[in-house]
Amino acid sequence: MPNRKPTPNPAPNLGDATRGRILFGGDYNPEQWPEETWHEDVRLMKDAGVNSVTLGVFSWTKLEPEPGAREFGWLDRLMDLMHANGIGVVLATPTSAPPPWLGRLHPDTLPRDENGDVEWWGGRQHFSHSSATYRRYAAAITEDLAARYGGHPALTMWHINNEYCTADHGDEAAAAFRRWLRAKYGTLDALNTAWGTAFWSQGYDSWDGILPARRPHYLKNPTQVLDFRRFTSDALLECYVAERDIVARHTPHIPVTTNFMPLFIGQDAWRWAEEEDVVSVDLYPDPRDPLGTLGSQHGALVQDLTRSQARGGPWMLMEQAAGPVNWRGVNHPKPRGLNRLWSLQAVARGADAVCYFQWRQSRQGAEKFHSGMVGHAGEQGRSYQEVKRLGAELARISSEVTNSHIIADIAILHDWHAWWAGAQDGRPSTHVDHAAVLHAWHRALWEARHTTDFAHPEHDLTGYKLVVVPQLYAMTDAAIDNLLAYVHGGGTLVAGFLTGVADEDDRVRPGGMDARLRDLFGIRTLHEWWPLEAGESIETDGFRATLWSEELEAAEPDAVETVYKGGELDGLPAVLRKDRAWYVSTLPEPDAFRALLARIAADAGARPVLEGLPPGVEAVRRGDLLFLLHHGRDPITVQLPGAHHDLLTGTTITDEVTLGRYGVVVLRA
C-alpha cells in the first residue's frame, strides 16, 4: 500500500460546545457571593434552562492573590458543581483584569495614554500589551489553568481575556512599534515615503526617533496614526494568540474564543476572526430606540457582521443585557418582551449561543446597576421570569436550528483599515462618521427585508448578486481590482461617496478617486467634495439628501441617473450608473435610500425574504426555518400563504399570522 500522510485533526468549532443545543447562560461571577449562594444559583439556572456559564473572566486576584500563589480550590468546587448539574463551563483566562500587585510591583505592565500619563489599576484592561512582564505573568496563569482544568468534564470552551481594547503609548510599546515598522517597511526610506514625512519636516533618520502616535502640538501624521492603529490591533492579537496556543496545546479538541465588541474601531476583526475557533460578540442595543439604528437594526448589523466573520457559520452572542446597562447617560430598562425579541433575532441571524453579562446582578462594584439574568428583584423579578421563558423556548427550537446556515444574495463591504484611514482629523467634514454611514446603508437594505452578509473588499465576491460599498475611503490596488473583476464578471455594484479616495498609505489618488473606479462608475472628473453642515439638506430630482455632496462631471450623459437641484451643484450628477456599476455621491434620506437600494437589488436579481411585509416586521430564513420578528408594540397581521408549523408554540398557522407586542414566530413550512 502507498504511504499516506495522516489526516490532520480538524479545528474544533462551536458545534463541539453546543452538541446540538443552543448554549444559554452567561458570565457567572460567584466569587462576589458567599458560597452558600452557589447552590441557590444552580437551582435557578436549572429552572431557567441554563446549560452554559462562563467562569473566571475577572478572577485573577482570586486565583493568584500574590505573585506565584495559586488558589484553585474555589474554582475546583465550582467546576465540579456545574458538571454535577449538567451545566457546561466556558472557562476564561483572567488576564483582562490584572491584580493590583502586578501594577504595584511591575509598573512597566501599566499602559500609558497619548499624553504619557499612566493608566492605573483600580478598573480593568489596565495592561500594556507590549509589556514582557505582563505577557510572562499572563502566560503563567493561563498555563496553570489549562493544566489543571483541561481534562475536566465540565469544560466546553476557552474564553481568552475579555474585550481586548487597550492602547499603549509607553516606552515598551514604542520599542515594539519600531520593531513592527521595521518588519513592515524594511528601510527608513520606505517608511518616510509611506508616511509622507516630506510634509512639515517630519523625515526620520533613525528608527529610535519614531514614537507611537503621542499627542503633538498640532495635527498628527495621518499615516503614522494609521500604522499605530494597525500595530495596536496586531499587538493585542499577539497577546490573544499566545494564550490561545497555551490552552490549545493542553486541549486541542476544545474550541477557543475571545469576545469582540460590536463594530469596535480598535481591532481588525477580519484578521482576528481567522485566529478563533468560535467568533463571539458582545451586543448591547439601546432600548430607547427599539426599531432604529441604536436598537434592532443595530443588532441586525452586528449579527450579520459577526456571522460573516465566522465565515457564514454559527457564532456566539457572548454578552447582552437582560435589562438596563450602566454606562449610558440615562440607562433605560428593556420593555417587556424586548429581551426575548432581540435574543431570537440573534438566533435567526446565525447565533448558536445566547448569553448574558451577567448571571446575578452585582451588589457592589462599578457595574452594580448593570442588569443580570437574576436582578436585584430576585427570582420573582421580571428579568428572571423573562429569561426563564426564553430558556424554555430556546430548548424547544435547538435541534432544528443549531448548525444551520443563512444564504444572502447581497454583501456589504467593510474594512477596518479604510475606517482607520478615514477617521482622522483634517478631513473635509467631521460629521462623516464611518460607522454611521455603514448603518445607513445596512438599514436601507434591512428595511427592504434583505438579509446581507459582510465581506472584506479583497474577499471572493462571485457568489453575490449585489455588492454594496457604503464607504471605503482607502483601498488597496488588490481591492479595486477585485471590484472591477466582480462587475466585469456580471455582478452589480453600488458604492457611496468617499470610496477609493486614497491608497493603503492614506495617499490621495490622482483625481481624488482612483481612475479605474471613476471609469467604472462613468465619472470623468471629481471637481470638489461639498460636505453639508449638520442638519443641512440638498435636493435632487428624485429625493432629498444629507451629510455630503460632490461636484461631479459625468463621462457620458447616459450615466446620469439623478441630478442635484438648486445651489452650486444645480444640474450636476448626484447618482450615476454605468452598466451594472452605481455611484451615490450623497446620503439620501431613509425612505428614498430604501427605495433606491431596493430597486437596484431587484434589478440585480436579489429578492427580499418575503414581499409585502408590514412596517416593523423582520423576516429571516435560517436553513429551512422562517423567523418573523415584530419590532413594535401593537399587534400586526402578516399574510403568509400556506400552512406553517410554529416551533415556539407547536401550533399550525394557515395563510396569516398575528404577531403581538415584540412577537416572534419560528416557522417550518
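How close do the axes of H7 and helix H8 (residues 188-195) come, and at what angle do they cross?

1. The axes of H7 and H8 come within 9 Å and cross at roughly 95°. Axes here are lines fitted to C-alpha atoms, for helices over the stretch in contact, and angles run from 0 to 180 degrees between N-to-C directions. H7 and H8 are therefore roughly perpendicular to each other; angles of 65 to 115 degrees count as roughly perpendicular, under 35 as roughly parallel, over 145 as roughly antiparallel and the rest as oblique. Phe177, Leu181 and Tyr185 of H7 meet Ala190, Leu191, Ala194 and Trp195 of H8, where contact means heavy atoms within 4.5 Å. By class, this contact has seven nonpolar, no polar and no charged residues. Ala, Val, Leu, Ile, Met, Phe, Trp, Tyr, Cys and Pro count as nonpolar, Asp, Glu, Lys and Arg as charged, and the others, Gly among them, as polar.

2. Before going further, a word on the ground rules. This is a predicted model, in which local features need pLDDT of at least 70 and side-chain atom pairs count only at pLDDT 80 or more, while totals for chains, interfaces and linings use all residues. Residues are numbered from 1 along each chain as its sequence is written, and side-chain values use heavy atoms, with hydrogens and water left out. Helices (H or I, at least four residues) and strands (E, at least two) are DSSP runs, numbered from the N terminus.

3. Now for another helix pair. Helix H6 (residues 132-149) packs with helix H9 (residues 222-250) at an angle of about 25°, their axes 9 Å apart. H6 and H9 are therefore roughly parallel to each other. Among the residues making the contact are Tyr134, Ala138 and Thr142 of H6 and Cys239, Ile246 and Val247 of H9. The residues of this contact divide into nine nonpolar, two polar and five charged.

4. Next, please look at the parallel sheet. Nine strands form an open sheet in the order S5-S4-S3-S2-S1-S9-S8-S7-S6, with parallel pairing; two strands pair if DSSP finds at least two bridges between them. Its edge strands, S5 (256-257) and S6 (259-260), each pair on one side only. Within the sheet, strand S1 (residues 23-28) and strand S2 (residues 52-55) pair in the parallel sense over four bridges. The bridge partner of Asp27 in S2 is Thr54.

5. There is also an open sheet of ten strands with mixed pairing, in the order S11-S10-S12-S13-S20-S19-S18-S15-S16-S21. S11 (452-455) and S21 (587-588) stand at the edges with a single partner strand each, so one side of each is left without a neighbour in the sheet. Strand S15 (residues 537-540) pairs with strand S18 (residues 560-565) in the antiparallel sense over two bridges, and Glu539 stands opposite Lys565 in S18. Helix H16 (residues 477-488) packs on the sheet, touching S10, S12, S13 and S20, and its direction makes about 140° with that of S13.

6. With strand S25 (residues 652-659), S24 pairs over eight bridges, and with strand S26 (residues 664-668), over two bridges. Which residues face His645? His645 stands opposite Thr652 in S25 and opposite Arg668 in S26. S24 and S25 form a hairpin with five residues between them, and Gly650 in the turn has a positive phi of about 75°.

7. Finally, some backbone details that I would ask you to inspect. Most residues other than glycine have a negative phi, and most peptide bonds are trans. Arg19, in the loop between helix H1 (14-18) and S1, has a positive phi near 50°. Arg449 has a positive phi of about 70° and sits in the loop between helix H15 (434-447) and S11. Is each arginine buried or exposed? Arg19 counts as exposed at 53% relative accessibility, whereas Arg449 is buried at 15% (buried means under 20% relative accessible area, exposed over 50%, partly exposed in between, with a 1.4 Å probe and protein chains only). The peptide bond from Phe357 to Gln358 is cis, with omega near -5°, and Gln358 lies in the loop between strand S9 (351-356) and helix H13 (382-401).
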